[in-house]
Amino acid sequence: MASATDDSMMDDEILAMFIEDTKEHLGGIEANLMDMERQASDLDPELVNKVFRAAHSIKGGAGFLNLNNIRDLSHKLENVLHMIRNKEIVPDNRIISKLLGGFDKLLTLVENALESDEQDISEHLAGLSGLTEELLPDEQKGSQHKTVDIALPDGRPVFAVDALSLIQALKGGNFLYLVEYDLIHDVHAQRKTPLDVIKAMESSGLIVDSKVDVTAVGDLDALPTNKIPFYVLYSTIVEPDIISYLFAISPDRIHRLELDPASLAADMPAGQAPDAASLSPGEPGESVTPVTPGADGPWNETVGAVALTGQGGLVTIGAGASVTVDTVLDLRQALLLALSRCRETVVDLKGAVNIDLAGMQLLCSACKTFAAEGKKMSLSEAGGDLGGQAERAGFSRVAAAGCDAPVCPLHAG
Amino acid sequence: MSQVDAFDDKVVIRPGRDIVASAVDELRAEFVAILDKGAAGLVVDMAGVAMIDSVGIGLLIAAHNSLAKKNAALELRNVSADIQSLFRTMRLEKHFSIAK
């Protein structure tokens, strides 16, 4: 145990913990990478995830200790592993060799952590950057060297992140959120510790970046702090309509970042380069959400048996004859498509003669999802007793209030 | 009551217990008293601190902000692995000096 007044001993202790953890992470890495090469396209997701998390975790620890070489090298390794984890590339001998070389160098750096920043690792960094660049699809080339500002709805920038990490965070159908926690109300008042919150988030997604707004806290002379803003840039498969329930935080402080991976990449025509303002999440109710190109003209699309017709900001979904457990998956896809393209959606139930609980639940949850994103959704022409059924199921109340309904997420259909 | 030792230009305070809501009022008063005496730097020895909650983090940040106004720095020592990982995720290491 270090003495309380001995600075150098203190250094050693924190560093020793980091080195011990890192060695543990790196312990089986060589064998894991060899297994990955053997498995090639038939990868064990847990194995890849383990190696990926090792790089992610070492990056975080090194950043904490200002070990820049270790941080940069593990970040590059993480970028490549992300592509493997996401099945964008198959780990062949050449890729695995590069990774092995990188991890090997990482271990050397960690073993001499105090001198690690004096070592020249430019060759390793360039090798991994070059590999990443080569393996990236054309439209994403250059993104690893580009920085994107992530701002709050009021325009205040919170994070500066490299575009590739953002593109990767959005992969695989993941959502990217800028979450505004208040440590006092959202964490302390919920009888949780900040560590609980972070662990819960890391278990169902990836924290891309995070930080506390230190200046908002005040000093010792101020009244005891009643607000500690903690911003988290978070990538997860958890859908917008349930994330606020999952993390017990008000929906207006969770901003979904609808970034377009194509416009995040580097080679943008002049005038289209994304700026901080256009990447700010929109306030609910504002129509600032970037609209997919072509959404303004009339368009038609079908998802299974469900037909969509779009014009301007409005899309009409023809639900077909039955809205039941057998058809809700198509309808859900159609609703998600409409949500991403337009401000207002009408679900046309004219021809619908059959609607069951699953269908009703999907419509309820869709309505909540639309409301949470500041968009409108309504039903039209419900024939027969469907209108009455919908009302009894609480649909009109949900539609009016936007939210006062039991949790029935869009994905539950 | 925390153990407090003064060195040349720094004061080392050792709370020796968790920095949580129930302890924060008393700690705040101790911090204020130390700063009022004109200490140029404050070291919080975290030995014996197994847990810190949101209110405790607020206290440390407030101490940092008070010290920063006087061009002084807050330093933390003997931080447990869990608390380190917490500070790391919150990027607080850019504000507090944790390793020397």
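Where does Ser210(A) sit in chain A? Ser210(A) is found in strand β4 of chain A, which covers residues 205–212. This is a predicted model, so take what follows as a reading of that model.

- Chain A has 413 residues, and 48% of them count as buried.
- In secondary structure, chain A has 16 helices and 13 strands.
- Take the contacts in chain A between residues at least 6 apart in sequence: 71% of them join residues at least 24 apart.
- Chain B has 100 residues, with 57% counted as buried.
- Three helices and four strands make up the secondary structure of chain B, and along the sequence they run β-β-α-β-α-β-α.
- For chain B, 70% of the contacts between residues at least 6 apart in sequence join residues at least 24 apart.

**Ser210(A) and what it touches**

- Back to Ser210(A): this residue is buried, because its relative accessible area is 1% and the cut-off for buried is under 20%.
- Leaving out residues up to four places away in sequence, Ser210(A) has partners in both chains.
- From chain A, Ser210(A) touches Phe159(A), Phe230(A), Tyr231(A) and Val232(A).
- From chain B, Ser210(A) touches Thr89(B), Met90(B) and Arg91(B).

**Helices α4 and α6 of chain A**

- Helix α4(A) spans residues 68–85 and helix α6(A) spans residues 122–135; their axes come within 10 Å and cross at roughly 25 degrees.
- That angle makes α4(A) roughly parallel to α6(A), because angles under 35 degrees count that way.
- The crossing of the two, α4(A) and α6(A), is left-handed.
- On the α4(A) side, the contact is made by Asp72(A), Leu73(A), Lys76(A), Leu77(A), Val80(A) and Met83(A).
- On the α6(A) side, the contact residues are His124(A), Leu125(A), Leu128(A), Ser129(A), Leu131(A), Thr132(A) and Leu135(A).
- By type, the residues of this contact between α4(A) and α6(A) come to eight nonpolar, three polar and two charged.

**The five-stranded sheet of chain A**

- Five strands of chain A form an open sheet in the order β7-β8-β9-β11-β13, with mixed pairing.
- Which strands stand at the edges? They are β7(A) (299–303) and β13(A) (376–380); each has a single partner strand, so one side of each is left without a neighbour in the sheet.
- On average, neighbouring strands of this sheet are turned by 20 degrees against each other, direction ignored.
- Helix α13(A) (residues 328–341) packs on the sheet and touches β7, β8, β9 (314–318), β11 (344–348) and β13 of chain A.
- The direction of α13(A) makes about 150 degrees with that of β7(A).

- Strands β7(A) and β8(A) (residues 306–311) pair in the antiparallel sense over five bridges.
- As background, strands of a sheet pair through backbone hydrogen bonds, either parallel or antiparallel.
- Glu301(A) stands opposite Leu308(A) of β8(A), and Asn300(A) has Thr309(A) as its bridge partner.
- The two strands, β7(A) and β8(A), form a hairpin with two residues between them.
- In that turn, Gly304(A) has a positive phi of about 60 degrees.

- Gly56(B) is in helix α2 of chain B (residues 54–69).
- Gly56(B) is buried, with a relative accessible area of 0%.
- Setting aside neighbours within four places in sequence, Gly56(B) is in contact with Ile19(B) and Val24(B).
- Gly56(B) and Val20(B) are 36 residues apart in sequence and 5.0 Å apart in space, C-alpha to C-alpha.
- Ser365(A) lies in helix α14 of chain A (residues 357–372), and its relative accessible area of 0% makes it buried.
- Ser365(A) and Arg332(A) are 33 residues apart in sequence, with 10.0 Å between their C-alpha atoms.

Terms used
Residues are numbered from 1 along each chain as its sequence is written. Chains are lettered from A and ligands numbered from 1 in the order in which they are written. This is a predicted model: local features need pLDDT of at least 70, side-chain atom pairs count only at pLDDT 80 or more; totals for chains, interfaces and linings use all residues. Side-chain values use heavy atoms; hydrogens and water are left out. Axes are lines fitted to C-alpha atoms, for helices over the stretch in contact, and angles run from 0 to 180 degrees between N-to-C directions. Angles under 35 degrees count as roughly parallel, over 145 as roughly antiparallel, 65 to 115 as roughly perpendicular and the rest as oblique. A crossing is left-handed if the near helix is turned anticlockwise from the far one by less than a right angle, and right-handed if clockwise. Contact means heavy atoms within 4.5 Å. Ala, Val, Leu, Ile, Met, Phe, Trp, Tyr, Cys and Pro count as nonpolar, Asp, Glu, Lys and Arg as charged, and the others, Gly among them, as polar. Two strands pair if DSSP finds at least two bridges between them. Buried means under 20% relative accessible area, exposed over 50%, partly exposed in between (1.4 Å probe, protein chains only).
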